[in-house]
Amino acid sequence: MATTTTPGSHMAAVNPSISSSRRTYTSGTANFGTNSEVGVWRRLKSSSHISATQPFFQSFKSGPTKSVKAVTRAMSGAAENSPLPGLPIDLRGKRAFIAGVADDHGYGWAIAKSLAAAGAEILVGTWVPALNIFESSLRRGKFDESRKLPDGSLMEITKVYPLDAVYDNPEDVPEDVKSNKRYLGSSNWTVKEVVESVKQDFGSIDILVHSLANGPEVTKPLLETSRYGYLAAISASSYSYVSLLKHFAPIINPGGASISLTYIASERIIPGYGGGMSSAKAALESDTRVLAFEAGRKHNVRVNTISAGPLRSRAAKAIGFIDMMIDYSSENAPLQKELSAEEVGNAAAFLSSPLASAITGTVLYVDNGLNAMGVGVDSPVFENLDIPKAAK
């Protein structure tokens with residue numbers, strides 16, 4: 001079995017403090033709103049076993065919803081002093097491996113934070129050429145602000161592994177990559193080697209997250225995409241998930257969960273999202289269903305994918321029109337607000353938890369409902385229709 005000799009950051013795991021046992025009810029707060037609502041929520045008593053300083057969700061930037069306000073107004077004084085039935089997301093004692101975290105932006109980082117807030121231990125796999133910068137930023141505290149969890153503590157990453165999920169084992173790596181200066185100094189970074197290192201270091205995991213996508217010709221229309229560009233997009237963005245799950249599944253504890261990230265371009269036309277990336281996302285969603293059956297039957301592991309709306313991540317900015325996609329979503333989605341990375345992270349925490357124990361083979365849309373729309377209501381052709389607008 002290979003032993004990792006990489007320069008991976010290895011920090012002591014300090015999971016978020018969660019005080020009471022599963023059978024003991026304590027008071028707690030649910031932090032769903034803006035500061036103006038904090039006082040209201042502090043009067044609520046929760047029977048969840050997450051401590052009062054540990055809300056299990058990130059604060060939603062969009063502010064409190066109408067349904068939340070209705071609940072708080074409907075409660076009598078006596079009810080406010082009575083414990084509520086608890087339904088917590090509890091991942092204490094679970095270990096997660098998130099593939100594809102290279103900075104403190106993007107959905108991979110947000111998912112890691114939400115899993116950590118629920119009590120999970122965090123391991124990450126970082127693309128080899130980005131490894132040194134990522135580790136340096138962690139050590140120098142550049143990510144400290146974005147590492148803050150709901151209770152004020154900082155998310156701890158137990159270990160960072162170098163990873164290039166395009167290669168399954170060392171024999172697959174071409175000579176020009178082996179000799180590339182961006183890979184020098186790192187070893188054991190193919191999928192098989194990373195899994196062997198994780199097994200040797202920790203024995204097993206409970207949660208696998210695939211947050212990887214790359215299309216070298218993503219800015220080209222499909223008709224202008226080369227065979228190389230198309231296959232490269234499939235390899236990095238969809239088969240990499242098959243490979244990761246194939247190698248990790250034997251060390252995922254029974255009842256574990258695996259999650260990937262997809263995009264609506266898998267089933268709708270998104271001009272500008274080219275280079276075979278739409279095909280890769282369609283393959284990823286199809287594979288999710290097949291893998292749910294195979295991994296479920298063989299390893300008792302659930303497999304789901306999250307179709308996330310547009311986010312101003314560094315990776316998305318490379319496409320060149322992310323701001324337009326966000327503006328389009330804000331104008332046309334049922335919920336007229338900008339999607340936050342935390343909302344996707346919280347959905348992933350739910351899918352990873354026992355609360356989702358019967359959910360597998362599913363595409364979960366976290367996009368403010370844009371997937372449900374058949375037309376863009378901001379089109380001039382609808383200007384004479386009385387289409388409601390969200391209150392600002």
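## Burial and overall make-up

Of the chain's 392 residues, 50% count as buried. This is a predicted model. The chain exposes about 18900 Å². Carbon and sulfur atoms supply 54% of that area.

The secondary structure comes to 12 helices and seven strands. Take the contacts between residues at least 6 apart in sequence: 79% of them join residues at least 24 apart.

Strand β4 covers residues 205–210. It is mostly covered, with six of its six residues buried.

β4 pairs with strand β1, residues 95–99. The two run parallel and are joined by four bridges. Within this pairing, Ala 96 has Ile 207 of β4 as its bridge partner.

β4 also pairs with β5, again in the parallel sense, over five bridges. Here His 210 stands opposite Ser 260 in β5. Between β4 and β5 the chain passes through helix α8, residues 227–248. This β-α-β crossover is right-handed.

Where does Ile 264 sit? Its place is in the loop between β5 (252–262) and α9 (277–299).

Is Ile 264 buried or exposed? Its relative accessibility is 13%, and buried means under 20%, so Ile 264 counts as buried.

Leaving aside residues up to four places away in sequence, Ile 264 touches Ile 270, Ser 307, Tyr 365 and Asn 371. Ser 307 is 43 residues from Ile 264 in sequence. In space, the two are 6.4 Å apart, C-alpha to C-alpha.

Methods
Residues are numbered from 1 along each chain as its sequence is written. This is a predicted model: local features need pLDDT of at least 70, side-chain atom pairs count only at pLDDT 80 or more; totals for chains, interfaces and linings use all residues. Side-chain values use heavy atoms; hydrogens and water are left out. Buried means under 20% relative accessible area, exposed over 50%, partly exposed in between (1.4 Å probe, protein chains only). Contact means heavy atoms within 4.5 Å. Accessible areas come from the Shrake-Rupley method with a 1.4 Å probe; for residues, only the protein chains shown count as cover. Two strands pair if DSSP finds at least two bridges between them. A crossover is right-handed if, with the strands pointing away from the viewer, the path from the first strand over the helix to the second runs clockwise.
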